[in-house]
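Please keep the sequence and the structure at hand while reading.

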Amino acid sequence: MLGTLVFYHNQVRPYNREDQQFCRALADLAAVAVENALLHQETQRRLRELTALHEVDLQITSALDVGKVLETIAEQLRQVLGVATLYIGLYDAERDVLRLPLIIDRGERRPQIEQIASDSAGLAGWVVRSGQPLWVDDMLEEQFRLPVEAVRLGEATRSLAVLPLVVKGVVVGVLSVQSYEPHAFDAGDRRLLDGIAAQAAIAIENARLYQEVTRRLAQTRVLREVMLAAASTLDFDQVLERACETLQTLLRVEYLGVVLPEEGKWLRSHPSMIGYSAPADQIRVPMKKSICGRVLQTGEPMIVGDVREVPYYHAGVPEVRSELAVPVRVGDQVIGVLNVESSRFNAFDADDLALYSAIAGQLGVALENAHLYQREQQQRREAETLYRAAQALTTTLELREVLDRILSELQQVVPYDSATVQFLYDNQLQIIGGRGFPNLEELLGFTFDLSGEGNPNGEVMRTRAPVILEDAPPVYEEFSREPHAAAAIRAWMGIPLLFGDRSIGMLALDKREPGFYTPEHARLALAFASQAAIAVENARLYRQLEEKSAELDRALRELQDLERLRNEVVQNVSHELRTPLTLIQGYTELLLAGDLGPIVETHKRALEVIRERAATLSQLIYNLTALGKIPHDTLVLHPIRIQEPVRRALRNYRLVAQQAGVRLEVEMPEDLPRILGDGEYLRLVFSHLIDNAIKFSPGGGLVCVQAWASEQWVHVAIQDQGIGIAPEHLEHIFERFYQVDGSTTRRFGGMGIGLSLVWEIVEAHRGRVTVKSEPGEGSTFTVTLPQAQE
Ligand code: ADP
C-alpha cells in the first residue's frame with residue numbers, strides 16, 4: 001500500500017455504493033499515478049548519479065599528476081554532492097605512513113599532515129587497516145560506538161564517511177567527506193560516494209604509477225648522461241668536472257661538489273664543484289666534524305633535512321639548510337663524497353638519495369678507470385725512463401764514465417740535490433763518485449765503517465733495502481759535520497746496488513727539503529739501481545778482462561819470439577851440418593868405390609854403415625830445412641797418378657820392413673783418377689807415413705797401403721797394427737817437434753817433425769790428413785787429395 005485517499009463530506013452518509021466503487025477506482029488510478037511518479041523520480045535521480053559519476057570519472061582520469069587528481073576529486077565532490085569538508089589520505093605501506101596531502105575544511109585548504117597509520121591516524125588509520133568503510137550519521141550519538149577514537153583536526157563535524165581507496169584488493173588510501181550537519185548523507189549520496197571512492201582509487205594509483213615511471217625515466221636519463229660524460233675522458237679531474245657539469249645542467253642543483261680526503265684529517269673540495277663562491281682550494285672541512293667526513297668514514301649515505309640539527313655539521317655556506325651526501329667508491333674503498341646542498345629545508349628525499357647513489361656508483365667506475373689508466377700511463381713513463389737510463393749506462397764500459405752516467409741518469413729518475421755512489425771494499429763503504437757537492441774532492445775516497453752502528457749506510461747494506469730518512473741530521477750527526485755538512489742535507493735516501501743477491505755498494509740521494517723522499521721514490525730508485533749495479537759490474541769485469549787480455553798478448557809475443565828463435569837455430573844448425581855431411585858422404589863413396597885405394601872386406605862393411613847412416617842424417621837435415629818452407633808456389637802441381645809416389649816410397653822400405661818383421665801389403669787399383677800434385681813432395685809424405693807405420697810396429701805385423709777414389713777425391717790409407725796413439729795425443733801429433741814420448745830415453749827415434757811436414761805438404765795440395773788410432777791396436781793415417789779436373 002502506497003497511501004490512502006480520503007474524502008470528506010459535511011453530510012451524513014452522502015456516499016452510496018456506486019460512489020464507493022468510483023472512489024476505489026479513483027484510488028487505484030491515483031496509486032498507479034503516484035507509483036509512476038515515484039519511479040520516474042528514482043530513475044531521474046539514478047540517472048543524475050550516473051551522469052555525475054561519469055563526469056567525475058572523466059575529470060579525474062584526465063589528470064596524470066597525483067596533486068591534480070586529488071584537486072579534481074575534491075572539486076567533483078563539491079559540485080556533485082556539495083561537500084565542502086573532506087580529506088584524502090595516501091597510504092605508504094612500506095613505511096606504514098598515512099599522508100594527508102589534501103585537507104579541505106569548509107572549502108578552505110589546510111596544510112598537509114603525515115601520520116603513522118597503525119598508531120596515530122584515528123578513524124582513517126582504522127579504515128586503512130580494516131579496509132572497511134565507516135559511516136557516521138551523527139557524531140554526537142555515535143561517537144562512543146566507533147571502533148577507535150576520532151582525531152579531531154578542528155571543530156567537530158556531525159556526519160562523516162571514511163571510505164577506503166582500494167586497488168586490486170590493496171588499500172592505497174582513504175577518502176573522507178564530512179559535514180557539520182547530522183544525517184548529511186542519504187542512501188543516494190552513499191552510493192555516489194562509494195562510486196567516486198572506487199574511481200578515485202584507480203585514478204590516484206594510475207597517477208602514482210605514471211609519476212613513478214616518469215621519475216624513473218628522468219633518473220635513467222640523468223644517470224645515462226652523467227655516465228656518458230664521465231666515461232668521455234680518462235683524466236681523473238676531467239671525469240669529475242664533466243660529471244658535475246652534467247648534473248648541474250640536468251638537475252639544477254644549488255650547491256654540488258665532490259670532496260676528497262686530504263692528509264687523513266681533512267676533506268678538500270675538488271675544483272669541479274658548482275655553486276660555491278670560494279675557490280675549491282679554500283674549501284677544506286674537517287674529517288671528524290662534517291657530514292661529508294662522516295659519510296666518508298662510515299661509507300653510508302646521509303640525508304639531512306635540517307643541517308642545524310646535526311651536531312657535527314660544518315657550517316660552510318650560511319644559506320645552506322639541507323644536505324645530501326653519498327660515498328663515491330673505487331673498488332671497495334671510499335675515495336670521496338658526492339655532496340649536494342640546498343637553501344631549502346628537506347630539499348632531498350629517498351628518491352634523490354637513490355639517484356645520487358647511482359650517480360656516485362657510476363662516478364666510482366669512471367674514476368677507477370681513470371685511475372687505472374693513469375697508473376698504466378705512469379708505469380709506462382717510468383719504464384721508458386728506466387729503459388733510457390739503463391741504455392745510457394750500458395753504452396760505456398769505462399768505470400769512471402759509468403759512475404758519471406749513473407749520477408746524471410739518476411737525476412732523471414728521482415730528483416736530488418746531491419748524491420754519491422759508494423762501493424763496498426772489505427766491509428767498508430767508500431765514496432767513489434758524487435754530484436751536487438760543493439766539496440766533492442774532499443768527499444771522494446771517504447769511507448763508512450759498516451761494523452759500527454749508527455750510520456744509515458750500514459742499515460742499507462745490512463737490510464739490502466732502501467732506507468729513507470725524513471730528516472737526516474738528527475738521526476746521524478755526521479750529516480751536520482764536515483765534509484758532509486756543506487751539502488746541507490735534510491731528506492736522505494739510501495738505495496742498495498744489488499748485483500744478483502750480492503750488494504756491491506749503494507747510492508745515497510740527498511735533498512735540502514726535509515721529508516722529500518717517499519716509498520714511491522725508493523721503488524723507482526731501486527729499479528734504477530739494479531741496472532746501475534749491472535753496469536758497474538760489467539765495467540769492473542771489462543777492466544779485468546782487459547788486464548787478462550794484455551797478459552795473454554804478452555805471452556803470445558814471447559812464444560812467437562821463441563818459435564822464431566827455434567826456427568833460426570834449426571835452420572842454422574842444418575846448414576852447418578850439411579857441408580860436413582856432404583864431405584863425409586863424398587869420401588865414403590870414394591872409399592867404397594876404391595878410388596882412394598883398395599879396401600879390405602871388413603872396412604867395406606863399416607863404410608856401408610857410414611853411407612847408410614849418413615843418408616839417414618842427410619834425410620833428417622833435409623826434413624829440417626824443408627819445414628816451414630813449403631809455400632804453395634814452390635810446388636809443381638800437375639795431373640799425376642797417385643800410384644807413382646806411393647810405389648816409390650814403398651820401394652825404399654821393402655828392406656826396412658823385412659828387417660823389422662813387418663809384412664807390407666798394397667791394394668791399389670790401376671784405374672784411379674789422376675790427382676793434381678807434386679810427385680816428389682808426395683813421395684816424401686808417403687815415405688814418412690810408411691816409415692812411422694813400420695817404426696811404431698815394434699812387434700812386427702801387417703802394414704797395409706790402400707788407395708781408392710770417391711766423388712772428387714782420391715784417398716790413400718796407411719794402416720798398421722802397431723802401438724797406436726792415445727786419444728789425448730791425437731790432436732797434437734801433427735804439431736812440429738811433437739812426440740808422444742819426448743824423453744831422451746824413448747824407444748823410437750825421430751825428431752817429431754815428420755807428421756808436421758806431411759800436414760804442410762798435404763795442406764799445400766788443398767788436401768787433408770786424418771788419423772784413427774786405438775792404443776795397442778794400431779793406427780790408420782789417411783791422405784785425401786783432390787782429383788785433377790780432366
Ligand atoms: P817422429 O819423427 O818422432 O816419428 P812424427 O812427426 O813422424 O815424429 O810423429 C810424431 C809422433 O806421432 C811420434 O813421435 C809418434 O809418437 C806418433 N806417431 C806417428 N805415427 C805413428 C804410428 N803409425 N803409430 C804410433 N804412433 C805414431
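Val56 is found in helix H1, where helices (H or I, at least four residues) and strands (E, at least two) are DSSP runs, numbered from the N terminus. The structure is a predicted model, in which local features need pLDDT of at least 70 and side-chain atom pairs count only at pLDDT 80 or more, while totals for chains, interfaces and linings use all residues. Residues are numbered from 1 along each chain as its sequence is written, and side-chain values use heavy atoms, with hydrogens and water left out.

**Helix H1 and the segment before it**

At 0% relative accessibility, Val56 counts as buried; buried means under 20% relative accessible area, exposed over 50%, and partly exposed in between (1.4 Å probe, protein chains only). Leaving aside neighbours within four places in sequence, Val56 is in contact with Gln76, Val80, Ile196 and Gln199, contact being heavy atoms within 4.5 Å. The C-alpha atoms of Val56 and Val771 are separated by 125 Å, and the two residues lie 715 residues apart along the chain.

Leu5 is found in the segment before helix H1 (17-61) and is partly exposed, with a relative accessible area of 42%. Together with Phe7, Tyr15, Phe22 and Leu26, Leu5 forms a nonpolar patch on the surface, with about 460 Å² of accessible area. Patches are made of residues with over 30% relative accessible area and no salt bridge; like charges are joined within 9 Å, and nonpolar side chains (Val, Leu, Ile, Met, Phe, Trp, Tyr) within 5 Å. Accessible areas come from the Shrake-Rupley method with a 1.4 Å probe, and for residues only the protein chains shown count as cover. A salt bridge is a side-chain nitrogen of Lys or Arg within 4 Å of a carboxyl oxygen of Asp or Glu.

**Helix H3**

In helix H3 (residues 122-130), the buried residues are Gly122, Leu123, Ala124, Gly125, Val127 and Val128. These buried residues pack against strands E1 (85-92), E2 (97-105), E5 (134-136), E6 (159-167) and E7 (170-179). Just after H3, Gly131 takes a positive phi of about 75 degrees.

**Two open sheets**

Strands of a sheet pair through backbone hydrogen bonds, either parallel or antiparallel. Here, two strands pair if DSSP finds at least two bridges between them.

**Strand E26 and strand pairings**

All 9 of the 9 residues of strand E26 (residues 778-786) are buried, so E26 is largely enclosed by the rest of the structure. In the hairpin of E25 and E26, with 3 residues between the strands, Gly776 takes a positive phi near 85 degrees.

| Strand | Partner strand | Bridges |
|---|---|---|
| E24 (residues 713-719) | E26 | 7 bridges |
| E25 (residues 768-774) | E26 | 7 bridges |
| E14 (residues 418-425) | E19 (residues 502-511) | 6 bridges |
| E11 | E12 (residues 322-330) | 3 bridges |

Within E26, His715 has Thr784 as its bridge partner, and Lys772 has Thr780.

**Backbone exceptions**

Most residues other than glycine have a negative phi, and most peptide bonds are trans. Arg464, in the loop between helix H11 (456-463) and E17, has a positive phi near 55 degrees. A cis peptide bond, with omega about 0 degrees, joins Glu482 and Pro483.
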